[in-house]
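Please keep the sequence and the structure open as you read.

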Amino acid sequence: MNDDKSPPLDANLRVNGSRLWESLREMAKVGPGVAGGNNRQALTDEDGQARALFRRWCEDAGMQVSVDQMGNIFATRAGTDPTAPAVCVGSHLDTQPAGGRFDGILGVLGGVEIVRAMNDAAIETRHPVVVANWTNEEGCRFSPVMMASGVFAGVHSLEWAYARQDRSGVSFGEELERIGWKGTLPMGALKMKAYLELHIEQGPILEAERVDIGVVKGGQGLTWLQVNLQGRSAHAGTTPMDRRRNAGLGAARVIELVHQVTMTHQPNAVGTVGRVDIRPNATNSVPGAAELAIDIRSPDAAILIAMEASIRSGVKTIATELGLSAETTLLQHAAPVAFDEHCVNSVRDFAKALGYSHRDIISGAGHDAYWISRVAPTAMVMCPCVDGISHNEAEDILPEWAEAGANVLLHAVTDAAVRER
């Protein structure tokens with residue numbers, strides 16, 4: 001992509017920022033949250049409604065829509081060479097339970113908007129341009145994150161993904177069929193020349209430095225662990241403190257452990273205990289069991305491995321001290337990702353050519369682009385978000401930020417799609 005450092009095809013080529021913003025506003029009406037954001041978790045009825053709206057917009061823009069066995073949606077704008085691999089863009093439409101209106105959604109609808117802009121300018125490309133919606137990126141209902149892009153890239157098996165269950169015991173495969181989005185296209189059938197993903201930063205760097213575009217060189221590694229602590233439930237009033245096997249106390253100490261381990265690997269490591277389930281979860285009962293979900297991340301693979309080892313060792317120590325049994329299970333591991341140099345250079349070149357301030361950045365969040373980078377040259381375009389807030393209904397961006405990111409995406413995609421190599 002852009003190997004010869006050529007300038008944009010047409011310096012006047014731009015997306016329609018107002019149209020993009022209106023699309024974002026319309027999508028936000030599907031699965032509204034309680035505080036201005038969205039609750040549109042994967043494979044819920046609301047997810048199905050968002051998919052239908054996306055499909056309608058794509059078909060209105062002249063694209064052919066197909067769906068694979070994991071429910072990934074691919075909307076194709078045909079190229080002049082039907083045998084050429086596609087230049088693909090996209091992200092996800094599912095949200096956190098109390099999620100924002102832009103995380104993932106900007107990448108999908110930004111893809112729709114660049115196709116509309118290409119149609120407006122009557123641009124022909126040799127390679128097809130495909131806009132993708134990846135199923136269950138968030139992983140909040142069905143673990144792990146980035147599930148369907150992971151199956152597409154061969155990281156997970158289709159059967160394993162279908163068998164994943166939510167907390168109510170309903171399987172991914174059952175829900176995919178129920179909402180009517182289980183397709184027939186074989187996994188990995190779409191062949192890509194390149195993959196580009198537009199996303200909000202989900203952090204504070206770009207806004208704080210007043211930078212328009214983040215040129216994403218890669219992403220942090222991620223490890224998810226589940227810790228199960230087993231003690232003994234007992235009466236809160238009659239059981240002496242020194243006779244308790246308190247799994248709730250163990251959970252509190254594990255939370256502190258994760259914080260301490262993370263702080264020893266600053267400045268770039270992060271660690272979070274984002275979910276704690278304590279049973280029997282009654283005011284007058286000593287907790288007999290606890291389950292914790294741990295998220296640790298670092299751009300350094302060795303540090304990530306060291307953090308996991310320290311946490312596993314610390315959990316054993318805590319359990320021994322409190323008379324508990326403990327089991328630590330690996331839920332997911334993704335090594336740090338380095339994106340394709342030519343794709344990254346293309347994003348940087350077009351940000352500069354379009355007059356946008358820009359800087360290189362490492363993504364702290366996980367994205368479908370991480371898995372897709374295993375099967376296609378990949379890069380990401382980032383725009384700022386207000387106060388760096390994400391996974392929160394207060395998540396917000398400015399229209400001009402969305403427009404700038406989509407303009408860079410438009411030029412990088414068009415450039416790649418018209419080139420033979």
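Gln 202 counts as buried at 17% relative accessibility, where buried means under 20% relative accessible area, exposed over 50% and partly exposed in between, with a 1.4 Å probe and protein chains only. Its phi is near 65 degrees, a positive value in a residue other than glycine. You will find Gln 202 in the loop between β5 (192–200) and α7 (205–208); helices (H or I, at least four residues) and strands (E, at least two) are DSSP runs numbered from the N terminus.

A word on the model: it is predicted, so local features need pLDDT of at least 70 and side-chain atom pairs count only at pLDDT 80 or more, while totals for chains, interfaces and linings use all residues. Residues are numbered from 1 along each chain as its sequence is written, and side-chain values use heavy atoms, with hydrogens and water left out.

Ala 122 also has a positive phi, about 55 degrees, although it is not a glycine. Ala 122 sits in the loop between α3 and β4 and counts as exposed at 63% relative accessibility. Most residues other than glycine have a negative phi, and most peptide bonds are trans.

| Cis peptide bond | Omega |
|---|---|
| Ser 143 to Pro 144 | near 10 degrees |
| Gln 266 to Pro 267 | about 20 degrees |

Pro 144 is in the loop between β4 (129–133) and α4 (147–152), and Pro 267 is in the loop between α8 and β9.

Next, the sheet. Four strands form an open sheet in the order β9-β11-β7-β12, with antiparallel pairing; two strands pair if DSSP finds at least two bridges between them. β9 (270–279) and β12 (325–334) are at the edges with a single partner strand each, so one side of each has no neighbour in the sheet. Nine bridges join β7 (residues 221–230) to the antiparallel β12, and Val 227 stands opposite Thr 328 in β12.

What about disulfides? The count is zero, a disulfide being a pair of cysteine sulfur atoms within 2.5 Å. The sulfur of Cys 58 is 11 Å from the closest cysteine sulfur, in Cys 88, which is too far for a bond; Cys 58 is buried, with a relative accessible area of 0%. For Cys 140, the closest cysteine sulfur is in Cys 385, 18 Å away and again too far for a bond. Cys 140 is partly exposed, at 26% relative accessibility.
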